[in-house]
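Me: I am new to this structure and would like to know what stands behind the terms used for it. Please start with the surface.

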Amino acid sequence: MRIGVALRELHRSESAMAVELLRVADRHPEEPEIRHVARDLAEWSREHVREIEGIAPRYGTDLSGPEHPEPSEEGERELPGEDSDADLALLADLKRLYRLGGGVALDWDLLGQGAQIIADSDLLAVTERCHPRSVRRMHWARGMLKAVSPQILVG
Amino acid sequence: MPSRDPIAEPWGSRTPYGPGRRWPARVDLHLAEGVGPEDVDRWVPSASILHSNGDALDIAVKDGRIVGVRGRGEDRVNRGRLGPKDLYGWQANHSPDRLTRPLVRRGGKLVETDWDTAMGLVVERSRRLLDEQGASALGFYTSGQLFLEEYLTLAAIAHGAIGTNHLDGNTRLCTATAATALKASFGCDGQPGSYGDIDHADVIALYGHNMAETQTVLWSRVLDRLAGPNPPRLLCVDPRPTPVAAHSAVHLAPRPGTNVALMNAIQHELIRTGRVDHAYVRDHTVGYGELVRVTDDYPPERAAEICGLPAERIREAAALLGGAERLLSTVLQGFYQSNQATAAAVQVNNVHLLRGMLGRPGAGVLQMNGQPTAQNTRECGADGDLTGFRNWNNDAHISDLAAAWNLDPMRIPHYAPPTHAMQIMRYAEKGSIRFLWISATNPAVSLPELRRIRETLARRELFLVVQDVFMTETAELADVVLPAATWGEKTGTFTNSDRTVHLSEKAVEPPGEARTDLDIFLDYARRMNFRDADGRPFPQWHDPVSAFEAWKRVSAGRPCDYSGLTYDRLRDTGGIQWPCDAEHPDGTERLYTDGRFWARPEECESYGRDLVTGAPKEEAEYRAANPEGLAMLKAVEYVPPHEGPDGEYPFTLITGRTLYHFHTRTKTGRAPELRRAAPEVWVEVSAADALEAGVHEGDPVEVRSRRGVVRARARVGGIRPGVLFVPFHYGYWDTDAADPDGERDRAANELSATDWDPVSKQPLFKTAAVRLRRVGAGDGRPSPAPTTTASAPLDAEVAATRGRPDTLEEPDGGGTR
Ligand code: SF4
């Protein structure tokens, strides 16, 4: 069964998401809403990781991996100039979070489909708890981006 | 008439009444010493502007001066009663330190000038920035104390003529969460209930609402019910031993920041014990399944641990609510300024929807206002909404507004929600807002983390215009100071939190060259030469009456419909509740009596926001979830506060308003009786914590957070252990620190954190982690905190707070006993 593969991938992507959210929170200490909400959302990711760890043994999945996984897209620049300009870095970070978040949400979608076909109600319950939050997280990144970008682009 | 000491007896004598009866009148009167009622030349109708209750009163005028006030016995809001702030606050109008001429900064100092010079500078800077950067360089931060006509004008100028998204009111600090919670549950802003529900309720629940201090007259109404036959039972949620708590059947004092866990457990119990009106839920709401699922995780035992409460008390609270036949709930700053503000306030709405407690006498919810005219900033769109409860995210609403104003819709910014106050400050700090016009508010004392705010407002790159009545802590930092007329010196309308509109008429002339806020805004518009699509001057109105007529047109058809009101009707009748239109010529006491809401996707004011992340929802999402426009039950998980006590800072600080003062004491601090009743800042500490810290009543202590320090004398009282309270009104205008090098250690907001509810953007004043240190022995004097209120001392020796019996009360004897 390939469910294990999906679980492993989610374990990696949610862990990476937590790391990325905390990094973004630290990178913008003067933007309270970014800092605080990103931390709250990182806590969701950690909970999701625990959920995955709880259910993975049923599928004989080995979740060992790097301690602090790096998001796969990390290092890719989102916007030219983001290294030197805090505002551009903020936009870039939000874009990155949105894209990463989209990836994680898709992974949860996939896992949910898997859970349906094998009719594992516990696994389905896990995806029902985590998938909506992964979507909310993504919407947050987009909402923030829409709210702060106009001023940054003209300022 | 019997006389009363309004300082010692803030709620006055009782006129008991029973359920379903009319609240008996009691007319309160206070005149300056030596003036009798027969000496008064004129009585001019108005209402109180020093809190949000909207107490109707007449201003007594003699020889062109205000000499006192008298409650309006026939008015639906107060039936003649007046609170201490109403009775004494008007004296600030006469204060010799009123601003009477415009000031401009020259060589670093503010110097007097004339209006042409001052306005010339404002206009020149506005034009230059519009050319250089465009509308995004300009921001406006207004009050909760202007009149409807003035907010409408400001909103028209900012959103319509200039096209900036940066306009908010300090109602962001008081009532933003009320508005957001109402929109989240019902699709539109607007109070479902009425103050009249107190006359009918059998259970009244007060959530984070110390009504006894914030709305003294409304509390008198509750006390009168409590003193009458078949009194209601009260539930109080508050970490302090407020007068409300003292009268409650159940008092819960949760750990600050845990309201959502508590509310989830209460709903858990309502659902578990079958206290749900399933027919109402089925016919009128969406979201029940999700609510059951989420609250299922919050049995009272779990909440008990999070909130630091006995599970049994939570069950009692739920049983009280579950057994109510006519449930009235009120909510204020204990929820609005705390962690998960909107999420918690929405859960109160949920309780009413679950129990079908809406739209009939006694079954109401009052999401309260802090400021007297907060409701008008919301309606007019001066607070981060759009005029007439329009939805910024709905193009049809934008076109409709543009048509009403005869402007091109593209001129009205709607690419994102209007910028909220804290974000305006952040843009000013970062330098992309370069012009900030502050009217009738005092952010240098009222916003969180004052050091940061002072630095922002003092930035050289920021052109700061301050329009106010006195030289406030904020005005001191301005480039241009505009002297404004105030209440009693100008005409306009304002609306309290139960939608009651009052007319307030000009009674006397403003001092010196002070001008009304309406005149100032319109003068600016004319000097800027703003024009509508036909080239006519914009705004098209020119005085209070024409502004009110413009408002009637722009509000017609929206929930806050004023089209049936006129100044004459308000003058004759007193307060009238909106909507007031052809269909409801006498106004509307309760909304949603038919279980129909203003929530259809085409009409709703907002598509809502995620209750944890604050992300705005899009139309498609809203439509999918609520195609028919039912009320929305919204479930949410508990998220811990962002700053909690730790080893270094072991206490949680909560701050708040107290009985004798209002908004940074700018006015109330200038009324001698109010000032004497609470002359200095204080720190409330529980007996257990005081013992451990070696602190006695009156000892000087220091409270320190990661951001600043406050020094004051300790009041040992009944607050929840682990929690400290500091009243937030005290600033520096009346201290030595008013000079530049003076120490800033008195305002509670030196300590608070820059953090806000992601949903309503209301700053959180009730989460800072602090430590407490005794700085020396007291001199035997107790702390100057009032003994009449939540700050009552445990030490029985402390002398009671007193004034003088100088106010007259005339009960109409209409009690039911
Ligand atoms: S005290 Fe502050 S929060 Fe309360 S109403 Fe006044 S301004 Fe608003």
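Reply: Chain B exposes about 24,800 Å², and carbon and sulfur atoms supply 48% of that area. Accessible areas come from the Shrake-Rupley method with a 1.4 Å probe, and for residues only the protein chains shown count as cover. This is a predicted model, in which local features need pLDDT of at least 70 and side-chain atom pairs count only at pLDDT 80 or more, while totals for chains, interfaces and linings use all residues. Residues are numbered from 1 along each chain as its sequence is written, chains are lettered from A and ligands numbered from 1 in the order in which they are written, and side-chain values use heavy atoms, with hydrogens and water left out.

Me: Why is Ser606(B) called buried?

Reply: Buried means under 20% relative accessible area, exposed over 50%, and partly exposed in between (1.4 Å probe, protein chains only). Ser606(B) has 18% relative accessibility, so it counts as buried. Ser606(B) sits in the loop between β21 (576-577) and α23 (619-625) of chain B.

Me: What does Ser606(B) contact, leaving aside its neighbours within four places in sequence?

Reply: Contact means heavy atoms within 4.5 Å. On that basis Ser606(B) is in contact with Lys183(B), Gly187(B), Asn391(B) and Tyr622(B). The side chain of Ser606(B) also reaches the backbone nitrogen of Gly608(B) at 2.8 Å.

Me: Is Tyr280(B) buried or exposed, and which helix holds it?

Reply: Tyr280(B) belongs to helix α9 (residues 278-284) of chain B. Its relative accessibility is 11%, so Tyr280(B) counts as buried. Not counting residues up to four places away in sequence, Tyr280(B) touches several residues, among them Leu353(B), Gly595(B) and Phe597(B). Gly595(B) is 315 residues apart from Tyr280(B) along the chain, yet their C-alpha atoms are separated by 8.4 Å.

Me: Which residues of helix α19 are buried?

Reply: In α19 (residues 450-458) of chain B, they are Leu450(B), Arg452(B), Ile453(B), Arg454(B), Thr456(B) and Leu457(B). These pack against α17 (421-430), β16 (435-439), α18 (443-446) and β17 (463-468) of chain B.

How values were computed. Helices (H or I, at least four residues) and strands (E, at least two) are DSSP runs, numbered from the N terminus. A polar contact is a pair of N or O atoms within 3.5 Å; within protein, one must be able to donate a hydrogen and the other to accept it, and residues adjacent in sequence count only if both atoms are side-chain atoms.
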